[in-house]
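Take a walk through this model.

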Amino acid sequence: MTTLTFDSLNPATGAIVGSHPKHTADAVHEAVGRAEQAAAWWAALAPAERRTRLLDYKAVLTQHLRELAGLVQEETGKPAGDAALEIVLAVNHLDWAARNAAKVLGRRRVSTGMIGVNLAATLEYLPLGVVAVIGPWNYPVFTPMGSIAYALAAGNAIVFKPSELTPGVGVRLAELFKESVPEQPVFQTVTGLGETGAALAADPRVRKVAFTGSTATAKRVMAACAENLTPLVAECGGKDAFIVDADADLQAAADACLWGAMSNAGQTCAGVERVYVVDSVYETFMRELSERVTKVKAGEDYGPITMPGQVDIIKRHIDDATKSGRVVTGGPDSVRGAYVDPVIVEDVPEDSPSVREETFGPTITVRRTRDAQEALELANASAYGLGGTIFARDRRRATELARMMRTGMTAINSVISFAGVPALPFGGVGDSGFGRIHGADGLREFARPKAISRQRFALPGMNLTSFTRGPEELERLIRLVTFLHGRRKR
Ligand code: NDP
């Protein structure tokens with residue numbers, strides 16, 4: 001039998017990086033079958049043993065950091081330093097997940113309250129079984145590892161379908177895992193195009209799908225999951241806002257804004273796409289920004305657009321923004337094949353596609369606002385709600401604004417810093433998806449809460465769950481509840 005293959009290409013050169021099988025639905029089902037067995041084995045290991053294996057995998061990844069970064073660079077086109085950075089962050093998450101799983105998920109006693117005084121109650125979080133991870137190409141190590149590390153630490157087996165643009169990285173992540181866990185295929189990678197991912201999401205033995213990618217594909221994956229009532233974590237796109245308040249350190253803000261918007265050629269789900277600057281500091285901030293941007297170049301500070309089709313969307317948004325707004329830097333000529341130089345446009349109407357839709361390129365729109373409140377209102381008027389940034393010196397005011405931002409995460413006086421803190425959950429609201437990876441919430445996302453109540457002794461005269469219950473018992477209960485809960489506070 002011949003297996004069809006597909007090539008992954010270096011977007012900077014067009015050279016073939018590797019050739020990988022297009023796994024058919026049958027091949028995917030076989031992988032899920034193997035994963036079911038492996039899941040039972042992995043779940044049966046003592047938590048301390050899983051922790052040891054995962055910490056060993058962390059060490060293996062670290063030892064292969066340069067090699068893996070080289071592969072990330074080849075498949076995505078990003079600079080070697082950026083590739084290394086995403087692996088460092090992934091390793092840090094793996095470490096946290098391994099070290100914290102038992103504490104977050106392990107069995108604990110919980111209080112039973114007065115009415116359950118004769119009971120003992122325990123809560124623990126048990127593995128789900130097989131978790132399917134479907135990942136994007138923009139951070140082919142960091143992003144899927146946000147699900148893989150936490151799902152493995154929670155005791156699940158993984159079948160991972162990487163993006164067709166970065167299959168080599170996905171294959172290598174699973175190969176390296178085998179060095180730490182050779183006994184069973186606890187972490188497998190299947191490669192292919194969209195159909196391979198679709199077959200995986202539709203397999204009824206998959207107990208959870210962790211999807212990272214566009215909102216449009218998430219809807220298709222959710223429809224496939226609906227067939228089997230398979231739960232889903234959806235980490236989708238964003239249109240993140242960057243707010244500069246009147247008291248902000250403007251040099252730091254301009255520096256962070258540029259990096260947040262342009263690094264990785266803007267191909268960051270929580271990258272900066274919309275900038276709102278309060279009136280009193282607008283000119284100074286724009287001067288800083290436009291001076292700094294002259295030193296940032298595609299092909300030097302960041303790589304090409306990884307996905308060829310994305311260039312058309314970026315072009316459309318640049319055309320739209322430059323027609324309706326005022327160009328600060330760049331314009332339609334900034335698109336040079338797969339490379340796009342930074343584009344900054346101000347005063348683009350808030351209802352235009354370049355302000356509403358995810359661009360996923362090195363472009364930003366900037367708008368002057370009356371005050372931070374107006375900036376926040378505009379920031380929140382988006383269908384997306386992934387991350388965001390506030391630059392302000394007044395810590396209380398900055399925190400207040402951050403809390404009011406309708407997103408899953410907000411960074412203050414830094415960009416995307418939340419992604420590097422393993423204890424913080426990562427995920428969005430609205431079109432940015434639902435569910436969380438990272439942190440304790442990320443561990444619980446891949447586990448089922450198991451609640452157990454055990455009767456320690458019978459309560460004399462209070463057998464409420466019996467047909468022998470008499471009116472006096474109910475009367476006693478009502479008196480107790482009235483004593484406990486019947487007093488109004490005002
Ligand atoms: P896509 O939605 O195009 O693809 C995501 C993954 O889904 C790929 O592996 C893809 O495979 C697969 N896929 C495609 N069709 C199906 C299907 N019908 N069923 C199952 N799987 C399918 O996203 P991109 O790869 O282009 O990634 C960019 C998007 O990801 C952006 O919107 C970005 O904002 C978002 N993102 C979100 C993050 C977050 O954490 N919230 C982090 C990083 C990115 P194939 O590539 O083979 O088509």
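The model is predicted, so local features need pLDDT of at least 70 and side-chain atom pairs count only at pLDDT 80 or more, while totals for chains, interfaces and linings use all residues. Residues are numbered from 1 along each chain as its sequence is written, and side-chain values use heavy atoms, with hydrogens and water left out.

Start with helix H2 (residues 47–63) and helix H4 (residues 80–105). Their axes come within 9 Å and cross at roughly 170°. Helices (H or I, at least four residues) and strands (E, at least two) are DSSP runs, numbered from the N terminus. Axes are lines fitted to C-alpha atoms, for helices over the stretch in contact, and angles run from 0 to 180 degrees between N-to-C directions. H2 and H4 are therefore roughly antiparallel. H2 brings Pro47, Arg51, Leu54, Leu55, Tyr57, Lys58, Leu61 and Thr62 to the contact, and H4 answers with Val91, Leu94, Asp95, Ala98, Arg99 and Ala102. Contact means heavy atoms within 4.5 Å. By class, nine of the residues are nonpolar, one is polar and four are charged. Here Ala, Val, Leu, Ile, Met, Phe, Trp, Tyr, Cys and Pro count as nonpolar, Asp, Glu, Lys and Arg as charged, and the others, Gly among them, as polar.

H4 also packs on helix H5 (residues 142–153). The two axes come within 8 Å and cross at roughly 20°. H4 and H5 are therefore roughly parallel. From H4, the contact includes Leu89, His93 and Trp96; from H5, it includes Phe142, Met145 and Tyr150. The classes are 13 nonpolar, one polar and one charged.

Now turn to helix H1 (residues 25–44) and helix H7 (residues 194–202). They pack at about 45°, with axes 9 Å apart. H1 and H7 are therefore oblique to each other. Ala25, Val28, His29 and Val32 in H1 meet Thr196, Ala199 and Leu200 in H7. Five of these residues are nonpolar, two are polar and none is charged.

Note on methods: Angles under 35 degrees count as roughly parallel, over 145 as roughly antiparallel, 65 to 115 as roughly perpendicular and the rest as oblique.
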